Amino acid sequence: MSRLSAIVLLVCLVAGAAFGLYYGYAVSPVQYTNTDLASLRQADKDDYILMTASIFTADNDLAAARERLTNLGFKNGGAAVAETTERYIKADQPQADLRRLVFLAIALKTVTPAMQPYLP
Amino acid sequence: MKLAIWSVLSLLVGLGLGLGYAWGINPAAYKDTSPASLSAEHKAAYVRLVAGALAVDGNVERAKARLARLGEANSGARIAALAQQAAASGESAQTVRALAGLASVLGAGPMTPTPAASPTTTPTVTQTPTPTLTPRPSVTPYLLPTHPPTLTPPGAFGFSGKRLICDPNFKQPLIQVLTLSATGEPVAGVEVLVSWAGGSDHFFTGLKPELGLGYGDFAMKPEVDYTVALASNPSMAVVGLTIETCPGSEGQTFAGTWQVVFSQQ
């Protein structure tokens, strides 16, 4: 094989790979379905935590709340609730939501100084 | 010519390598997904959570926005079906009630489920006098300063009446229960208890939204004496509901359906 042939083959190989990468990432990237809760984007996880906190304020079922947080992929649900609560406080979210989150944080013993104004 | 063939083969190999890397080895990030990509099981859990949160905060628009993130049509009928599954699988009354409430706010069919009734026959059953009306338990966060609105208007239910519906179009005799607010609006998610000698069952109103948000029914069997009450006040029971015959055409008879109405005071 001549040097020219080798170069041509190499160029074709690289061009094919480049086209494959372009097609695989840009034109037709992997479409995920049947994902689990742990893969949700942070904003949706925060909202999920808020819903968990809302329900907890009504049923006081801490085991169920912990399970929901675990399903969300958090090994330490308390820390996740604290982080979400602080994000909501910084974002000036409605007081009712903040109090529900703090209520759950209290139960999980993860109250932070930023939550003080919202303690019952 | 030979070089051309090898070039094409090289191109294809490169393409395969590229796709293999992009789809298999290092695919697009499996994170930061939206609720729309969740599995059916997790979507159902998500809907339950939305329903539970709605029962607490009463924010219908927020609930609708949350459901919209699932990326599929969540009609009242669909949520009602989920509520029926929850009831059938023995999930908590709170969960079923929340789902029924969510189904009701998502809209449903007309309120009155029954076709025009024929004249009521003389009832052979008597109603147990109502002793004391116990208020329905409401969802109350005990440490929160504000009481979130509930989907079900407060107020204990009282027995409003019953009637025998003689309609040959019904495929089987039913006990239909209607739960209404003080203003006559249907109330969904009310748990109804049905008992008879040797058995009992329960259902919720609002799980057949196409028949009305305050509607629920139970199929009757021959020669069984049924008692119907609301779970919120079992002592206020309607007793002695049995299949009654209705006069049909040409001297024939058919089984009638009982309709029992409970209204909030």
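The torsion about the S-S bond of B:Cys166 and B:Cys246 is about -70°, so this disulfide (a pair of cysteine sulfur atoms within 2.5 Å) is left-handed. The structure is a predicted model, in which local features need pLDDT of at least 70, side-chain atom pairs count only at pLDDT 80 or more, and totals for chains, interfaces and linings use all residues. Side-chain values use heavy atoms, with hydrogens and water left out; residues are numbered from 1 along each chain as its sequence is written, while chains are lettered from A and ligands numbered from 1 in the order in which they are written.

**The disulfide and the cysteines**

- Over all chains, the structure holds 1 disulfide. B:Cys166 and B:Cys246 form this link, with an S to S distance of 1.9 Å.
- B:Cys166 sits in the loop between strand E1 (157-165) and strand E2 (174-180) of chain B, and B:Cys246 in strand E8 (residues 245-247) of chain B, so the pair ties together parts that are 80 residues apart in sequence. Strands (E, at least two residues) and helices (H or I, at least four) are DSSP runs, numbered from the N terminus.
- B:Cys166 counts as buried at 9% relative accessibility, and B:Cys246 is buried with a relative accessible area of 1%. Here buried means under 20% relative accessible area, exposed over 50%, and partly exposed in between, using a 1.4 Å probe and protein chains only.
- In chain A, A:Cys12 counts as buried too, at 15% relative accessibility.

**Where chain A meets chain B**

- Contact here means heavy atoms within 4.5 Å. By that rule, 45 residues of chain A are in contact with 47 residues of chain B.
- About 4100 Å² is buried between chain A and chain B, and carbon and sulfur atoms give 67% of that area. Buried area is the accessible area (1.4 Å probe) that two parts lose on being put together, summed over both.
- On the chain A side, A:Tyr25, A:Tyr32 and A:Met51 lose the most area to chain B, together 15% of what that side buries.
- There are 4 salt bridges between the two chains, each a side-chain nitrogen of Lys or Arg within 4 Å of a carboxyl oxygen of Asp or Glu. One of them joins A:Asp44 to B:Arg69, with the closest N and O atoms 3.8 Å apart.
- Between chain A and chain B, 9 residue pairs are in polar contact, both residues being at pLDDT 80 or more. A polar contact is a pair of N or O atoms within 3.5 Å; within protein, one must be able to donate a hydrogen and the other to accept it, and residues adjacent in sequence count only if both atoms are side-chain atoms.
- Helix H1 (3-27), helix H2 (42-59) and helix H5 (95-107) of chain A each supply at least two residues of the side that touches chain B. H1(A) gives the most to that side, with 14 residues.

**Chain A by itself**

- Chain A has 5 helices and 0 strands, and its elements run α-α-α-α-α from the N terminus on.
- Of the 120 residues in chain A, 45% are buried.
- Among contacts in chain A with a separation of 6 or more, 58% come from residues 24 or more positions apart.

**A look at B:Arg78**

- B:Arg78 is placed in helix H4 (residues 76-88) of chain B, and is partly exposed with a relative accessible area of 42%.
- Apart from its neighbours within four places in sequence, B:Arg78 is in contact with B:Glu72 and B:Ala73.
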